[in-house]
Amino acid sequence: MGLENKHIAVYVTGGIAVYKAAEVVRGFIRQGAVVRVAMTQDATKFVTPLTFGALTKQPVLTDLFAGDNDQFVPHIALADWSDLAVIVPATANVIAKMATGLADDAVSTTLLATTGLKVVVPAMNEHMWDAPATTRNIATLTADGVVVMQPDTGLLAEGYSGRGRLPEPSAIVDFVQHVWAKQTGRLRGRNVMVTAGGTRERIDPVRYISNDSSGKMGYALARAAANEGANVTLISSIISLSAPDSVHVITVSGAQEMLDTMKTYFAQQDAVIMAAAVADFKPVSVAEQKIKKTADNDLMTLQLTKNPDILKTLSVDKTDQIMVGFAAETEHLLTNAQHKLIDKKLDMLIANDVSRKDIGFNADQNQVTVIRPNVEPVQLPQMTKTKLSEQLIEMIADLLPGK
Ligand SMILES: Cc1cc2nc3c(=O)[nH]c(=O)nc-3n(C[C@H](O)[C@H](O)[C@H](O)COP(=O)(O)O)c2cc1C
């Protein structure tokens, strides 16, 4: 879901970081949101309303009494239109006004009339941020249910380093998306564990056996679950992909370590999605030192032993977790998948044909069939792993009992 089609009112106030607000607005629009901007008179001294008008293709509210608005009562119209309000950058002044309920210009009046979620992104000089009055005002806003994003530490416009910098625009967009999901997402308050990547079974300190799984599907699922407000634990055997900040990523190597880590977090999960490609076998022993090539070992034998069956092992401790598995097959896709569904007592199995080069392992697209006990298999069309993950998370959310 994310911010798609959401109405976001962005309130721009008179700080030196105003220019970054334009990037934040673009970030929201890129997420599919509809954005309207209101600016204080002092903000317009830094950047003109034209910039925000051009970006949003909407009139910018700067003056309640200008009479050039398409609404007779512009502050109420904007307050009622918005699903969420983001104040960026938020000056010490607007924070003080919000904390005391002052309504003496277009921005503060509209904010007082706003009943939905408000996110404040402060930016100011370090001493202004540390001032007891600002500390008190921030505490008041938090107690009133306003969400405050903490400022960054770094080089300030004044030329010295300190706390009070506006965070990067992309971090602000991610933060707002996260806060929105936590309050409204279908998986808010739920714990979801996802595994990703091909496991790495060590041969010696520098070599391992693995497979072609890139982890893209698992990471896309973790992101989609986080976008629906879930608390996501991602157990990953790869380090090359990045997950949203809100996702708790734990890096593991082999199947045994993946299982041990999963067991630690299993009891509190509402759903477990096993998108990792777990190796069936691992070397019997791991050499302590790098195995050397010698003159007489033209042929070498690596002895393998079976890895633990993660799904089967977890099913022993299962209470009411929804268990979702993946079946990567190169032949007899549906028959093998049906067998795995029953054998591992899964609630859902996502079967994909990894013999095709355009989908499955490593590709950005996937095409899967969703199999559930006593339900006709659902074949989904080919789509990006991002889109597919959103659909699968919807289907998994449908299986969770109401809270
Ligand atoms: C060059 C300059 C930079 C400023 N930067 C900030 C800032 O980053 N944060 C802040 O709280 N105030 C800053 N101020 C002070 C505000 O502009 C001032 O408090 C103003 O009254 C805020 O009005 P507003 O909240 O209605 O936009 C700055 C002022 C100037 C002249």
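Which polar backbone atom lies 3.3 Å from a nitrogen atom of the ligand? In this predicted model, local features require pLDDT of at least 70 and side-chain atom pairs count only at pLDDT 80 or more, whereas totals for chains, interfaces and linings use all residues. Residues are numbered from 1 along each chain as its sequence is written, and side-chain values use heavy atoms, with hydrogens and water left out.

The backbone atom in question belongs to Ile16. Here a polar contact is a pair of N or O atoms within 3.5 Å; within protein, one atom must be able to donate a hydrogen and the other to accept it, and residues adjacent in sequence count only if both atoms are side-chain atoms.

The ligand is surrounded by 14 residues, the closest being Gly14, Thr40, Thr91, Ala92 and Ala123; a residue is counted if one of its heavy atoms lies within 4 Å. This shell comprises seven nonpolar residues, six polar and one charged. In this grouping Ala, Val, Leu, Ile, Met, Phe, Trp, Tyr, Cys and Pro are nonpolar, Asp, Glu, Lys and Arg are charged, and the others, Gly among them, are polar. Helix α5 (residues 92–100) supplies the largest share of the shell, three residues. Helices are DSSP runs (H or I, at least four residues), numbered from the N terminus.

Helix α1 (residues 18–30) contains Lys20. Lys20 counts as buried because its relative accessibility is 12%, the limits being under 20% for buried, over 50% for exposed and partly exposed in between (1.4 Å probe, protein chains only). Other buried residues of α1 include Val18, Ala21 and Phe28. A polar side-chain atom of Lys20 lies 3.4 Å from the backbone oxygen of Leu166. Leaving aside residues up to four places away in sequence, Lys20 touches Arg165, Leu166, Glu168 and Pro169, contact meaning heavy atoms within 4.5 Å. After α1 comes Gly32, with a positive phi near 95°.

Arg136, in helix α8 (residues 132–143), is exposed because its relative accessible area is 56%.

Technical notes: Helices (H or I, at least four residues) and strands (E, at least two) are DSSP runs, numbered from the N terminus.
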